[in-house]
Amino acid sequence: QVQLVESGGGSVQAGGSLRLSCAASGRIFRINAMGWYRQVLEKQRELVAVITSGGSTNYAASVKGRFTISRDNAKNTVYLQMNSLKPEDTAVYYCNAEVLMGPIVAARQYWGQGTQVTVSS
């Protein structure tokens with residue numbers, strides 16, 4: 001199957017920066033979009049940023065101008081550079097990837113295990 005492994009979460013003061021990484025491994029033919037979502041307890045998981053295989057990006061309004069998503073297709077890895085962090089960015093961040101395991105197999109969504117980001121004021 002496919003595994004997504006995240007790293008880079010942690011605690012930082014407001015105004016600081018963190019960089020998240022997510023590496024996909026396993027039976028991968030091609031990865032379409034990759035993205036980052038976040039969730040606060042008892043709230044719905046929300047999209048933070050997404051990047052297509054061609055490099056097109058889309059961001060939530062709340063992070064635009066502060067966060068940058070990028071990917072290394074050769075390494076099946078997506079990154080999220082988070083600058084000017086705010087306490088309201090505190091959440092568990094999840095990596096997501098749309099993966100094809102073969103040329104004629106339908107794409108499936110996979111999720112990482114989540115990594116905690118805590119921003120203190």
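This report walks through the fold, the core and a few individual residues of a predicted protein model.

## Before you start

Since the model is predicted, local features need pLDDT of at least 70 and side-chain atom pairs count only at pLDDT 80 or more, while totals for chains, interfaces and linings use all residues. Residues are numbered from 1 along each chain as its sequence is written, and side-chain values use heavy atoms, with hydrogens and water left out.

## The overall fold

Look for helices here and you'll find 0; the protein has 11 strands instead. Read from the N terminus, the elements go β-β-β-β-β-β-β-β-β-β-β. (Helices, H or I with at least four residues, and strands, E with at least two, are DSSP runs numbered from the N terminus.)

How big is it? The C-alpha trace spans about 50 × 25 × 20 Å along its principal axes. The radius of gyration is 14 Å, which agrees with the value near 14 Å for a compact globule of 121 residues. That radius is taken over C-alpha atoms, and the globule rule is 2.2 Å times the number of residues to the power 0.38.

Contact here means heavy atoms within 4.5 Å.

## Surface and charge

The accessible surface comes to about 6500 Å², and 49% of it belongs to carbon and sulfur atoms; these areas come from the Shrake-Rupley method with a 1.4 Å probe, and for residues only the protein chains shown count as cover. Buried residues make up 40% of the 121. The cut-offs are under 20% relative accessible area for buried, over 50% for exposed, and in between for partly exposed (1.4 Å probe, protein chains only).

On the charge side, there are 12 positive and 7 negative side chains, and the centres of the two sets lie 6 Å apart. Lys and Arg count as positive and Asp and Glu as negative, with His and the chain ends not counted. Each charge is placed at NZ of Lys, CZ of Arg, CG of Asp or CD of Glu.

## The nonpolar core

Which residues have the most contacts inside the largest nonpolar core? They are W36, L80, M82 and Y93, in a core of 31 residues. Strand 9 (91-100) is among the strands that each supply at least two residues of this core, and strand 9 gives the most, with 5 residues. (A nonpolar core is a set of buried Ala, Val, Leu, Ile, Met, Phe, Trp, Tyr and Cys residues joined through side-chain atoms within 4.5 Å.)

Leaving aside neighbours within four places in sequence, L80 is in contact with residues including W36, V48, F67, I69 and Y93.

Two residues other than glycine have a positive phi. E42, with phi near 70 degrees, lies in the loop between strand 4 and strand 5 and counts as exposed at 85% relative accessibility. N76, with phi of about 50 degrees, is in the loop between strand 7 and strand 8 and counts as partly exposed at 23%.

L100 is found in strand 9 and is buried, at 8% relative accessibility. Beyond neighbours within four places in sequence, M101 is in contact with Q1, V2, R27, F29 and Y110.
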